[in-house]
Amino acid sequence: MYASASQFLKRYSAEEIAQRADASIPPMVYGELLTRAAAGDDLSAYSPEEQTAAGQALARVDRALQDAEQTINTYLGGRYQLPLTNSPEVLERIAGQLARYFLYDDAATEQITILYKDSIKFLESVATGKVQ
């Protein structure tokens, strides 16, 4: 993957991502718990329900990051041999912006939508050779 869940949570607000990834009602997963789950830390201080909710939220984050990777690879695959042996750091940022947009689904803010569209434009430029 171009970005791990831990990298993603460091780049963006872990609280924001937890809110988007947690489907529990009432919410059970907050930034600290999601960050600890992504790092593989011991979650025994949390209730079994919180641990389960964190695992489900982390699975949603991972799915969004996988979707971002597939999107990136769709654009890069025509010009580069995949998987990339050394992926540039810009792809971590692009993967994060795409994953964040995917987590918001149909409720993305204007700023998140702009960042998504900018990321797609960048990938289109890479695909056509304007950016290498």
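This is a predicted model: local features need pLDDT of at least 70, side-chain atom pairs count only at pLDDT 80 or more; totals for chains, interfaces and linings use all residues.
Residues are numbered from 1 along each chain as its sequence is written, and side-chain values use heavy atoms, with hydrogens and water left out.

Let's start inside. In soluble globular proteins, nonpolar side chains tend to be buried together. Here the largest nonpolar core has 36 residues; such a core is a set of buried Ala, Val, Leu, Ile, Met, Phe, Trp, Tyr and Cys residues joined through side-chain atoms within 4.5 Å. Buried means under 20% relative accessible area, exposed over 50%, and partly exposed in between, using a 1.4 Å probe and protein chains only. Phe-8, Ile-17, Val-29, Leu-34, Val-61, Ile-72 and Leu-98 touch the most other members. Helices α1, α2, α3, α4, α5 and α6 each supply at least two residues of this core, and α4 gives the most, with ten. Helices here are DSSP runs (H or I, at least four residues), numbered from the N terminus.

Now look at helix α2, residues 14-21, where Ala-14, Glu-16, Ile-17, Ala-18 and Ala-21 are buried. These buried residues pack against α1 (5-11), α3 (31-39), α4 (48-76), α5 and α6, where contact means heavy atoms within 4.5 Å. Ile-72 touches Tyr-2, Leu-91, Ile-94, Ala-95, Leu-98 and Leu-123, not counting residues up to four places away in sequence.

Rings of Phe, Tyr and Trp (its six-membered ring) pair if their centres lie within 6.5 Å; planes under 30 degrees apart count as stacked, over 60 as edge-to-face and the rest as tilted. By this rule the count comes to four aromatic pairs. Tyr-101 and Tyr-116 are stacked, at 3.9 Å centre to centre with 15° between the planes. Since Tyr-101 lies in helix α5 and Tyr-116 in helix α6, the pair ties together parts that are 15 residues apart in sequence. Phe-102 and Tyr-116 form an edge-to-face pair, at 6.1 Å centre to centre and 65° between the planes. Phe-102 also lies in helix α5, so its pair with Tyr-116 in helix α6 links parts 14 residues apart in sequence. Tyr-101 counts as partly exposed at 22% relative accessibility, and Phe-102 is partly exposed at 25%.
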